[in-house]
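Subject: Structure for you to look at

Hello,

Here is the structure I said I would pass on. Please open it first and then read my notes below.

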Amino acid sequence: MKAIITLPAYADYIEKAASQDIVCAVRFNTVLPVREKLDDFLPAFAEKVAPKELWVDLKCRQLRVVNSAYVPYYYLDISHRISVNTPTEASFCSGEFSAMIRKVENGNRLVIEEISPVPLGSGMSLSIADPSLKIEGYLTGRDKEYVEAAAKAGLHNFMLSYVEQESDIQDLLALDPNARIIAKIESKKGLDFVEKIYPKYKRTVRLMAARGDLYNELERPHQILRATKQIIACDKRAIAASRIFSSMRKSRVPQSQEVGDVGFLYELGYQTLMFGDEICFQREALFSALNLLDAIDRDYA
């Protein structure tokens, strides 16, 4: 088994983490702040993680909080214009927190009634499982800036968030015909894409079971099992991501069920796992998780 890890732009452990034998690639999450111009940052970051491949994770239709306030009520400005039947619930940070949306104003302002015990601030991801949800557009302006800068640097590896329709793939290829794509499946519509559209792209696009948001988007918790199985059945190269050894951000000893989860993924056929940001952004947690995966690979897989 191999691991894909996410590394912050200015971490002091970039080179050491990327050099681990169990690591096959490095992801950069484009929601993270960058001080330099992208034309300068991307080639420099790619050089730091070389010879491992760098994958640029574009946010696309993933919803994120861009601003919040209590004037005159609690509201959240979000990254995309949406329409959805209200009231409905939104979950934040892969389901750690939730709040009730009472109405949507001007397409991108959520009026919130029930407040999470944790402040809902800029940069937080959110998901809305209501089937009436419609999100305008796909690639964001910032996504397009990253694609342009990556192409200038000779980088063509992209992860696409919330892939749900053929135009999502085509939108990126229109900007970079040489793009290599990992399609992150994070919703019920994404699972429909896997069944109905993906066979057309089977040779050129790799799938990812992005379980952080996918788990929240499904109607019932147990459905994550069938969804995870469905994705690997359609793409034997598929990657399983998120919710892997999550407890290790607080303890170097994982919970038993987390070890069993990785065994389940292996038995399904997954050979590549991508750790969540909560692990990767803590140096000791990341290296402990990598060591554990390496032990599983040697002793079980």
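**Two cis peptide bonds**

Pro 51 sits in the loop between helix H2 (38–49) and strand S3 (53–58); helices (H or I, at least four residues) and strands (E, at least two) are DSSP runs, numbered from the N terminus. The peptide bond that joins Ala 50 and Pro 51 is cis, with omega about 10°. A cis bond also runs from Thr 86 to Pro 87, where omega is near 0°. Pro 87 lies in the loop between strand S6 (82–83) and strand S7 (88–92).

This is a predicted model, in which local features need pLDDT of at least 70 and side-chain atom pairs count only at pLDDT 80 or more, while totals for chains, interfaces and linings use all residues. Residues are numbered from 1 along each chain as its sequence is written, and side-chain values use heavy atoms, with hydrogens and water left out.

**Positive phi**

Most residues other than glycine have a negative phi, and most peptide bonds are trans. Tyr 162 has a phi near 50°, a positive value in a residue other than glycine. Its place is the loop between strand S12 (157–160) and helix H4 (166–175). Is Tyr 162 buried or exposed? Its relative accessibility is 5%, so Tyr 162 counts as buried (buried means under 20% relative accessible area, exposed over 50%, partly exposed in between, with a 1.4 Å probe and protein chains only). Ser 242 is not a glycine either, and its phi is positive at about 75°. Ser 242 is in the loop between strand S15 (239–241) and helix H8 (256–268).

**Cysteines**

How many disulfides are there? The count is zero, where a disulfide is a pair of cysteine sulfur atoms within 2.5 Å. For Cys 280, the closest cysteine sulfur is in Cys 24, 12 Å away, which is too far for a bond. Cys 280 is buried, at 0% relative accessible area. Cys 234 is buried as well, at 16%.

**The whole protein**

The protein has 10 helices and 16 strands. Its radius of gyration is 19 Å, close to the 19 Å that the globule rule gives for 301 residues, so the protein is as compact as a globular protein of that length (the radius is taken over C-alpha atoms, and the rule is 2.2 Å times the number of residues to the power 0.38). Of the 301 residues, 53% count as buried.

Regards
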